[in-house]
Amino acid sequence: MSEAARLFGNPRVLGRVAASDGRNTTAAGRLETSGRRLDGAAIELSELTKTFGHRVVLSAVNLKVEPGQFIAIVGRSGGGKTTLLRLIAGLDRPTSGAVSIDGCAVADVQKAARIMFQDARLLPWQRVIANVGIARGDDWRAQAMQALQAVGLADRAQDWPYVLSGGQRQRVALARALVPKPKILLLDEPFGALDALTRADMHRLLLTLWAERGFTSILITHDVAEAIALADRVLVLRDGRIALDLAIDTPRSEREGASSLLAELKRRVVAEV
Ligand SMILES: Nc1ncnc2c1ncn2[C@@H]1O[C@H](COP(=O)(O)OP(=O)(O)OP(=O)(O)O)[C@@H](O)[C@H]1O
Ligand SMILES: [Mg+2]
C-alpha cells in the first residue's frame, strides 16, 4: 500500500501535520506524516500589487504559504487569480511588492514551480511520452514513463494526444508538470472542463501525489465545494485583495460525510466571493 493510501485510510493520522523540520504540529484537515519527506517550498507575497494600465488587479496582497500546504483560491472571473499564479511562477513581474520562494525573491521564471492549466496544452504532433518528457535531459524517457505511471497512463505512452479523453489529457498534463519534481504546483482551474466522475478521479489522484511528494499546491477553482474538499486553506480573492482566509480543519477523510459543517463553510466562502 502506498504511503498516501495508508494515510488516507487512517483518519487519526489525517489530523496531524509534519512541519518541514520534522515537528508534528496539530493542524487537522491536512494530510499528514511522520516519514513523509516534505518537498514543498514556502511562498510569501509581500504587499504584492499588479496593475495593467489604470486597472488595479492585485492590491497590496500579503500571504504566507507553508511548505507542502494545499491552498485553494476562489474568486470572480477577472479577479486576478491567474495573474497571481503567473507572478508566483515568475512569468510576470509585480508592479510593486514582492514574491519570494523559500526566502528568495522571484525575479525570473521559477524552476521550482510548474503550472497546470484548464486545457492540457499538449503538442498534437508529439506522442504522449514526448509531451511529458521531451527537453528533460538524457534520460527523459525514463523520467516521462515514471510520471506516466504515477498518473496511471503508462500504457498510453505511444498514443497521440488526440485519441485521449479530456480527463486523460489532463492526466498527461499533470505527468508533464511532475517530471521536474516541482516544489510548487500551481493549478489554474485544471478540472473545470471535466465531468463530475472524472473530476472526482482527478481529485483523488492529485491528493495522492501531493501526499506522496509533498509539493506546495495552489489550486484556482470556481467550484467552492472542490476548494473545500481538497485544500488546507481556502482564500477568496476579491477586488484585488484576500477577502477571506479560511482554514479547513476537518480531516479530508471526514469532509464528505460532514455535510452540515461543509454547508456552513461553503456559505462563508460564497458570501465573500
Ligand atoms: N497581459 C495583460 N494585459 C492587460 N490586462 C490583463 C493582462 N492579463 C490580465 N489582465 C487583466 O487582469 C484582470 C485579471 O485577469 P486574470 O486572468 O488574472 O483573472 P482571473 O481571476 O484568472 O479570471 P478567470 O476566473 O476568468 O480566469 C482582467 O481584467 C484581465 O483583463
Ligand atoms: Mg484565470
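This briefing describes the fold of one protein, one of its sheets, one of its helices and the surroundings of its ligand. The structure is a predicted model. The protein contains ten helices and twelve strands. It has 273 residues, and 41% of them count as buried.

**The six-stranded sheet**

- Six strands form an open sheet in the order β8-β9-β10-β5-β11-β12, and the pairing is mixed.
- Strands β8 and β12 (241-247) each have a single partner strand and stand at the edges, so one side of each has no neighbour in the sheet.
- From one strand to the next, the twist averages 20 degrees.
- Strand β9 (residues 184-188) pairs with β8 in the parallel sense, over four bridges.
- Within this pair, A113 stands opposite I184 of β9.
- β9 also pairs in the parallel sense with strand β10 (residues 216-220), here over five bridges.
- L187 has L219 in β10 as its bridge partner.

**Helix α5**

- Helix α5 spans residues 140-150, and A144, A147 and L148 are buried in it.
- Viewed down the axis of α5, the buried residues fall within an arc of 100 degrees, so they line one face of the helix.
- An α-helix has 3.6 residues a turn, so residues three or four places apart point the same way.
- After α5 comes G152, which has a positive phi, near 75 degrees.

**Around ligand 1**

- The residues that surround ligand 1 are F52, R55, V57, G75, S77, G78, G79, G80, K81, T82 and T83.
- By type, the shell around ligand 1 divides into two nonpolar, seven polar and two charged residues.
- Strand β4 (55-65) and helix α3 (81-88) each supply at least two residues of this shell.
- Helix α3 gives the most to the shell, with three residues.

Note on methods: Residues numbered from 1 in each chain as written. Chains lettered and ligands numbered in written order. Predicted model: local features only at pLDDT ≥ 70, side-chain atom pairs only at ≥ 80, totals over all residues. Pairing = 2+ DSSP bridges. Near = placed C-beta within 6 Å. Nonpolar A, V, L, I, M, F, W, Y, C, P; charged D, E, K, R; others polar. Buried ≥ 20, exposed ≤ 12 C-beta atoms within 10 Å, placed from the backbone. Arc of directions from axis to C-beta. Axes fitted to C-alpha atoms, helices over the stretch in contact; angles between N-to-C directions.
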